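Have the structure open while you read.

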Amino acid sequence: MELCRRRHNSKERRLDPQITLGLLTDATGFPLNVAAFEGNRAETATMVPVINDFKTAHNLTDVTVVADAGMISEANQVALQAAGLSFILGARIPHLPDVVREWRDKHPHDAVPDALVLTQPWPSTSAEKARGIPDRVIHYRYRYDRARKTIRGIDEQVAKAQRAVDGHAPVKRNRYIQLTGATKSVNRALEAKTRALAGWKGYAEVGVMPTGGGSCLAGAVPGLNSSA
């Protein structure tokens, strides 16, 4: 099988021959398994084969997969469930979660404690169940450093948007600039939303074994590209 295939390199913005490496690590980052795939294969299609090979090689039955938000797709979730794997996947947060809003309502004058974790059940809809998407539990974790960096970025982008609205800078791609016809304004609703979400990260959990249950916690890094 020819591994070297042409694929667009999004980081370097060019089309080059390359291969895709699937790297599986344990919870500490120690490499457990590595596999090579065709360079034009999507990274989302490399996760399950790498994990299944490792399970077979070591006669494992309970494996919990931990992967970043870039690997979340419905196809991945269905494939992981079909393979009998429990998983914790980074979850995007498009809106302020109910549990976070409830915490803020109960603590209106308190700063969010660093490393606070709030948990919310997330039942699948009828349509999701029909596609094989299971019920999940989502853990929302707050980190002070993450919030600080995000808010700094928001401040910079909003300041640029305001300069453009005031006519002191050209209008460039900026998510905080709102255009209504020929009228420019700063999108304050979006600013408030992103500030409220700053510092929070979601983790979707399905079928995770309790601590001490004998599961092998695996960190999946299935898309390490190597240009040829």
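Predicted model: local features only at pLDDT ≥ 70, side-chain atom pairs only at ≥ 80, totals over all residues.

1. Everything below is read off its computed coordinates.

2. Take a look at asparagine 187, which sits in the loop between strand E9 (183–186) and helix H6 (188–197). Its relative accessibility is 18%, so asparagine 187 counts as buried, the cut-off for that being under 20%.

3. What does the side chain of asparagine 187 make a polar contact with? The partner is the side chain of glutamine 178, at 3.3 Å. Leaving aside residues up to four places away in sequence, asparagine 187 touches Tyr176 and Gln178.

4. Strand E4 (residues 63–67) is largely enclosed by the rest of the structure, because four of its five residues are buried. E4 pairs with strand E5 (residues 86–91) in the parallel sense, over four bridges.

5. Two backbone angles are worth a glance. Asparagine 59 isn't a glycine, yet has a positive phi of about 50°. You'll find asparagine 59 in the loop between helix H1 (47–58) and E4, and at 69% relative accessibility it counts as exposed.

6. Alanine 115 is the other one: its phi is near 70°, again positive in a residue other than glycine. Alanine 115 lies in the loop between helix H3 (98–106) and strand E6 (117–122). Is alanine 115 buried, exposed or partly exposed? With a relative accessible area of 34%, alanine 115 is partly exposed.

Terms used. Residues numbered from 1 in each chain as written. Heavy atoms only, no water. Buried < 20%, exposed > 50% of the residue type's maximum accessible area, 1.4 Å probe, protein only. Polar contact = N/O pair within 3.5 Å; in protein donor to acceptor, adjacent residues only side chain to side chain. Contact = heavy atoms within 4.5 Å. Pairing = 2+ DSSP bridges.
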